[in-house]
Amino acid sequence: MDTEADLFYRQIPKVELHAHLNGSVSFATMEKLIARKPHLNIESSGTAIRSGQRRTLAECFEVFKVIHQLVDSEEDILMVAKSVIEEFAADGVKYLELRSTPREEPKTGLSKRRYIETVLEAIHQCKQEGVDIDVRFLVAVDRRNGPEVAMETVKLTEDFMLSSDGVVVGLDLSGDPTVGHGKDLLPALQRARNSGLKLALHMSEVPSQKEESELLLDLPPDRIGHGTFLHPEAGGSDSLVDKISKLNIPLELCLTSNVKGQTVPSYDKHHFQYWYERQHPCVLCTDDKGVFCTDLSQEYQLTASTFGLSQEAVWSLSLQAIHCSFAPEALKQKLVQRWAELRPHILH
Ligand SMILES: CNc1ncnc2c1ncn2[C@@H]1O[C@H](COP(=O)(O)O)[C@@H](O)[C@H]1O
Ligand SMILES: [Zn+2]
């Protein structure tokens, strides 16, 4: 790849809105975790899907189970969260919304509350250390765990929304899309929405979720993750597209994740094209930069080269992402200002 072009994607200020903490762990950090837990006999080749490799989505979820074995104490979470934040900053990400599923680990005495506190501590330490990035946190509901756990997570998240100085801004719905049904989770999601939490929901990541997506759209969510099968050409429907367009709900699009997880056959067939042509707000994201061996600069570059975007168009995409974030208005204005200052140095 042309190095000057590489530099452009690295230099442009970026916003990352869809990053799962444990999926974002880099190779270097993974090696450290493996060294800390030799008895688990885990090889780093089992925790990432490298260039040219593909896995079914089901196999991707097996990878998360392995990573969760490696990240199961307060100490691990602190290290992983700090490294992930530093790596995003090093890639030119100026604003990051990180998401993670609080876990309880009896072996290490970890509670869900402590899990969240530890991620918040990592965010705090990065700020103290002057890492050039603003970070917000979305607490994740894993759909596999059912409605009671979802409700418990929402209540916990409400507490943190009030006590975290604005760092906890919302709720994510994720997990294996082939397990469970969104309708069972509606009461928890509704409650989260009523209490002022923003909702970023994975929707139609696999083809069988049309009915669920209709239901979730009635909430409605503030942002949609993937949305691979929402449009009619992919087996979705005009009514889904109309609702999303009318409400102008931004889509978080993760090209490498979808291609490596085989829900999209190739980069040029990615639904980015469908929504971008309709001038719908699209935000490029990494999903799991560790598992899928990517970073946000690479996602911007791949999208630009696949769909023939000019540098000007790429810049607009990254600027628009600020407005799709859950940052408070004052921070959005600060970021817009920052983009304006950087622009003459990067776009010639
Ligand atoms: C590939 N597409 C995807 N679709 C749905 N959920 C995904 C995902 N990638 C990651 N996750 C969700 O994020 C968790 C790992 O990070 P945390 O332990 O929460 O930090 C996974 O267990 C899954 O629930
Ligand atoms: Zn995701």
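Select Asp165 to begin: with a relative accessible area of 78%, this residue is exposed. (Exposed means over 50% relative accessible area, buried under 20% and partly exposed in between, with a 1.4 Å probe and protein chains only.) Asp165 sits in the loop between helix H6 (146-163) and strand S4 (168-174). Helices (H or I, at least four residues) and strands (E, at least two) are DSSP runs, numbered from the N terminus. Check the backbone here: Asp165 is not a glycine, yet has a positive phi of about 60 degrees. Most residues other than glycine have a negative phi, and most peptide bonds are trans.

Some ground rules before moving on. This is a predicted model, in which local features need pLDDT of at least 70 and side-chain atom pairs count only at pLDDT 80 or more, while totals for chains, interfaces and linings use all residues. Residues are numbered from 1 along each chain as its sequence is written, chains are lettered from A and ligands numbered from 1 in the order in which they are written, and side-chain values use heavy atoms, with hydrogens and water left out.

Go to Asp287, in the loop between strand S8 (282-284) and H12. Its phi is also positive, near 70 degrees. Is Asp287 buried or exposed? Asp287 is buried, at 4% relative accessibility.

Now select Leu219 and Pro220. The peptide bond between them is cis, with omega near -15 degrees. Pro220 lies in the loop between helix H8 (210-217) and strand S6 (223-226).

**Along strand S1**

Select Ala19, in strand S1. Ala19 is buried, with a relative accessible area of 0%. Beyond four places in sequence, Ala19 touches residues including Phe88, Arg99 and Asp287. (Contact means heavy atoms within 4.5 Å.)

Slide to Lys14, also in S1 (residues 14-20). Which side chain of opposite charge is nearest to Lys14? That is Asp91, 4.7 Å away. Lys14 is buried and has no salt bridge. A salt bridge needs a side-chain nitrogen of Lys or Arg within 4 Å of a carboxyl oxygen of Asp or Glu. Lys and Arg count as positive, Asp and Glu as negative; His and the chain ends are not counted. Among the contacts of Lys14 are Asp91, Tyr300 and Trp339.

**Aromatic stops**

The whole structure holds five aromatic pairs. The rings of Phe272 and Phe307 have centres 5.2 Å apart and planes at 35 degrees, so this pair is tilted. (Rings of Phe, Tyr and Trp, its six-membered ring, pair if their centres lie within 6.5 Å; planes under 30 degrees apart are stacked, over 60 edge-to-face, the rest tilted.) Phe272 is in helix H11 (residues 272-277) and Phe307 in helix H12 (residues 296-307), so the pair ties together parts 35 residues apart in sequence. Phe272 is buried at 0% relative accessibility; Phe307 is buried at 17%. Next, show Tyr274 and Trp275: an edge-to-face pair, 5.3 Å centre to centre, with 80 degrees between the planes. Both are buried.

Then look for charges over rings. The charged end of Arg223 sits over the ring of Phe326, 3.8 Å from its centre. Lys289 lies over the face of Phe88, 5.5 Å from the ring centre. (The test: NZ of Lys or CZ of Arg within 6 Å of the ring centre and within 35 degrees of the ring normal.)
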